[in-house]
Amino acid sequence: MSAKPYPKLQETLWHEKLDNGLEVFILPKPGFTKTYATFTTRFGSIDNHFTPPGGETIRVPDGIAHFLEHKMFEEPDGDIFSKFASQGASANAYTSFDRTVYLFTATDEIEANLDTLLHFVQNPYFTDENVEKEKGIIVQEIDMYRDNPDWRVYFGLIEAMYQTHPVHIDIAGTAESVRSITKEMLYDCYNTFYHPSNMTFFVVGGVDPQETMERIKRNQANKTFPPSGEIKRLFENEPEKVKDEKRELQLPVSLPKCLFGFKEDPDEHKDDVRKELASKIMLEALLGSSSALYQQLYDDNLISDGFGQEYNTGPGYAFSIIGGETRDPDELVTQVSEALYEAAKNGISSDIFERTRRKKIGAFLRMMNSPESIASEFTRYRHKGGDLFTLVEVYESLTLEEINERVKEHANPDRRAISIVRSGTA
Amino acid sequence: MSEQFQRGVWGRLRLHVLPTKRFKTFALSLFAGVPLSEDRVTPVALTPFVLRRGTRSYPETISFRERLDDLYGAGFGFDLYKRGDHQIVQFRLDIINDRFVSVTESLLGEALTFLGEVLTAPALDGDQFRSKYVEAEKTTISKRIDAIINDKIRYAAERCVEEMCKDEPYRLPALGRKDQLATISADTLYEAYRKWLEEASFDLYVSGDTSLEEVQALVEKSFNLPGGRPSTYTKPNLRGARSEVQTIVEKLDVGQGKLNMGLRAGATYGSEQYAALLVYNGLLGGFPHSKLFINVREKASLAYYASSRLDGHKGILTLQSGVEIANYERAVKIIREQIEAMKAGDFAMEDLQRTQAMIIGQLREIQDSAFERISFDFSNVLSGVERTGESFIAEIQAVTPERITAVAQGVELDTIYFLRNRKEEG
C-alpha cells in the first residue's frame, strides 16, 4: 500500500491495486464521524456494444446498465437495503454515461458495511421472476422522467447532437427496451464489466487506512475470479456534424426551456483533464453569474437565476450545455452565440480570467468538505487518467492563451445544436 | 471531538459560534424569521431577492458578484422556507479558510463585512430601494412561482399541503403570492424591509477556525441593525385532521399520476413524543426498508418512489408516490393499509431496530457538515428545546414499540391529493 501526501490540501491518499485487479483508494478524514464508500464499475449507458474477454461481440438493449444496477440490490436472502439498514448504513447507487456507482454512508459498523458492499456487488442474483418484477418499477421511473421538462430538454440536446454515439441514449432506456431485457443479458453484462479489474473502490471518512485496506484485502482474498481480460467497447464513428440543429418538444411549462451547446471532436486533445478545466473556466468567464453578458441577459429578462452552463466529456464525446428558461429561445441562442463567436475573435481579458480562476479554485476547495463529492469526482478523474487532488495545480498552471485557444476551438457555429421544450398551443 | 456552540447577543442578533478546525471553510448562516401572514408574506419573500442585487459598497450587481469571486469564489445564496408557522429567510456564505491560500486580508472578516452589508446596508436610491432592482426581482419571483408547476413532484407536494392547510397561514407559499407583487414598489418594499429588520428574529451562525470574541468584534463593526433585544419564536398551532378525509383531484397534461397524502401528526419537534414520531415516520416511509417502499414498490411494482416525510416543525406528515393513473385506487388502498398497520402496532422488531440505526446514523452524520450542524441547532432555537446530537440519539434509542403505537393513534389522514392526466378513462 502506498501513501501519497498532498501537503497543499492537507490530505493523504492511500492506494493499492489488489491481486485480482481491483484498485482501492482510502482517504482518511480524521475527526469525521461518517464513512462514505463507493464501488464503481466502468460500465454505463454508453457501453451497449462490446466484446467480452474471449467472447463474441454483443449488442445489448438500451438501459441495461441501469437495469443491472437496480437488480444488484436483490439477494437470495432478501433485499440488501435491509441488511445495510440493520448496520445503520444508508445505501444507494446510480448509473451515468460511463459508470455505475454503488455506495453507502455509515457512522458505525464500518467494516461490516464494507463487506456488505463488496459482497452484494460481487454476488449477482437474477431470476426470470425478479427481472420481470423490476420492469414495472423502471417503467414508472422512465415515466417520471418523461414528465420532467428539465430532463427532457437536457436529453433532447444530446439527442440532437449525436448521430451514432450511444451517449444520446437515455440512461434508463425506453419502456420497450426495458421490457426486452432478460436475466441472461444481465449476466452477460455482469460477467463482462463487474470483474474487479474493471472496478474502483473508494473509502473516505474517519477510518484507519491500514485496517481498512486489510479488511478489503481479506474480503477479496476469499473470493475467486476468472482471469481478467480486455473488454473491447465498440463505438461507431461519430460524424462531425450534429444530428439536428434544432429539436423542439411540447410539455406544459411556465416558460420555454432552451438548452444549446457545441459538440467537439473528442480526439483532438490528449490531456482530457486540462481541457476540461480550461473549458470550465472559459464558460464561467463568459457566461457565469458575474459576467457582463449574464447581467445584460438578466436585465433584458431573457434569462432567470437558473441559467447555467456545463461541460461534459467522456469516452468518445465532449460537449457544452448552455441555457435555462427563457421567454425567447431564439433570441437567447443568438445573443449568447454571438458573444461566444466574438470572444473567439477577441479573446477574454486577463483580469476576468484571473477572477474566474480564483472562483474555480475556491469552489474546488469548498467541494473538498464533501465526502460524497470527493468520492465521485475522484473516481471520475481517475477514469480519465487524472488526479482530483492535483486540480488546484492544473488550475494554477492554465494560461490565458490556452483559454482563448479553447474558445476558438469550441465556439464553432457548424457544430451547434439547440433543444427547446415549450407548452403546446392546445 | 464534541465541539460546542458559543453563544452571544449583540442587539437584536443572537450569535452562535462553533469553533472548529475540521473544515476547509468558514460557514456562515443568518436566519431571519417572522410569523407567516397574508399581508407580509410577499414583501418578506421579495426582500432577499432585492438584497442580493447590491450593497452600499457594491451597488452594481456585477461588482457585488465580482467581490464574491475575489473572495476565492465565496459561495453566497439564500433560501426561503416555512418552519412551523414562520416564514424564514436564510442567507448562507461559505468561504475558504485563509490557510489554504495566500491572502493578506482575513477572509472571515471580509465575509462578515459582506454579509452585514447585505442585510443592513443595501444599495439605495435616496431613501428607498433601487426601483430597477425591485422591478427585476418582482419578475424573477413571479417566474419562480410560475415555474413550480414544471416539476410535477414538487407541484403536487405543495398543492397537497395548501389544500390541507387552507384555513391556516401555513397555506401561504414561502415565495409569496404572485397577485400581491403588482402592489409592491421600491418605497413600500423599503418600508416593509425596515419593519422586518425591527421585528424579525435574527440568528447568526458562524462555524470555523474562530471564536465568539472574534466574531462578535467583527459583527459590531459590520451589522447596522436597529436597537433592541432578540425576538423569540412562538410555538406552532397544532391541529387535528378534518373529520372526513378530503380528496382533491387535479388534471394536467401528465403521463404519470402523482399521489400525495397529507396527515396531521399530533406532535411537533418541541413535543416529548417527537423521537417516537420520527421513528414512526421511518417505519412508515422514510427508508428503502419502510412499509411504503416495500409494499407499494417492491411487492406491488406500482411505483418507482413511495415515501413519507415528516415536517416536525409544523406537525404534519406527507406521503408521496408516482403511479400509473389507472393504479390510483390500488395505491391508495395499499398506502392506507400501511397507515392502519402502524396504528395496530403491526411492525417487526427488526424493522424498528433498522429504523433506529438509520436515524442514529443520520444524526451522527450531522457532525460532519457545518451547515447541517447549524440547521440542527437552529431547530432548537425555533422550538425552544435543548437537544444535542447525543441527547437526541439517546431519545431515539429509548423509543419502544408501545410508544410508536401510541404516537400512531395521533396520526390522522386529512387530505388525499391526486394529480392526473386530462383523459377521462383510466
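Guide: Two strands count as paired if DSSP finds at least two bridges between them, and helices (H or I, at least four residues) and strands (E, at least two) are DSSP runs numbered from the N terminus.

Visitor: Fine. What should I know about the model and its numbering?

Guide: This is a predicted model, in which local features need pLDDT of at least 70 and side-chain atom pairs count only at pLDDT 80 or more, while totals for chains, interfaces and linings use all residues. Residues are numbered from 1 along each chain as its sequence is written, and chains are lettered from A and ligands numbered from 1 in the order in which they are written.

Visitor: In what order do the 6 strands of the open sheet in chain B run?

Guide: The order is β1-β2-β8-β3-β5-β4, with mixed pairing. At the edges stand β1 (6-10) and β4 of chain B, each with a single partner strand, so one side of each has no neighbour in the sheet. Neighbouring strands of this sheet are turned by 20° against each other on average, direction ignored; axes are lines fitted to C-alpha atoms, for helices over the stretch in contact, and angles run from 0 to 180 degrees between N-to-C directions.

Visitor: How many bridges join β4 to β5 in chain B?

Guide: There are 9, between residues 75-83 and residues 86-96, and the two strands run antiparallel. B:Tyr81 has B:Ile88 as its bridge partner in β5(B), and B:Lys82 has B:Gln87. The hairpin has 2 residues between the strands, and B:Gly84 there takes a positive phi near 60°.

Visitor: And what about β3?

Guide: β3 (residues 25-35) of chain B is antiparallel to β5(B) too, and 11 bridges join them. In β5(B), B:Ser29 is partnered by B:Arg92 and B:Gly33 by B:Ile88.

Visitor: Which helix lies across β3, β4 and β5 of chain B?

Guide: That is α1 (residues 41-51) of chain B, running at about 5° to β5(B). Helix α8 (residues 212-222) of chain B packs on the sheet as well, touching β1, β2 (13-19) and β8 (201-208) of chain B, and its direction makes about 140° with that of β2(B).

Visitor: Changing topic: what does the domain assignment of chain B give?

Guide: Domain 1 (6-222) and domain 2 (246-420); such bounds come from an automatic or database domain assignment. Their centres, taken over C-alpha atoms, are 30 Å apart. In contact (C-beta atoms, placed from the backbone, within 7 Å) are 21 residues of domain 1 of chain B and 24 residues of domain 2 of chain B.

Visitor: Which element gives the largest share of the domain 1 side?

Guide: α5(B), with 9 residues.

Methods: Contact = placed C-beta atoms within 7 Å.
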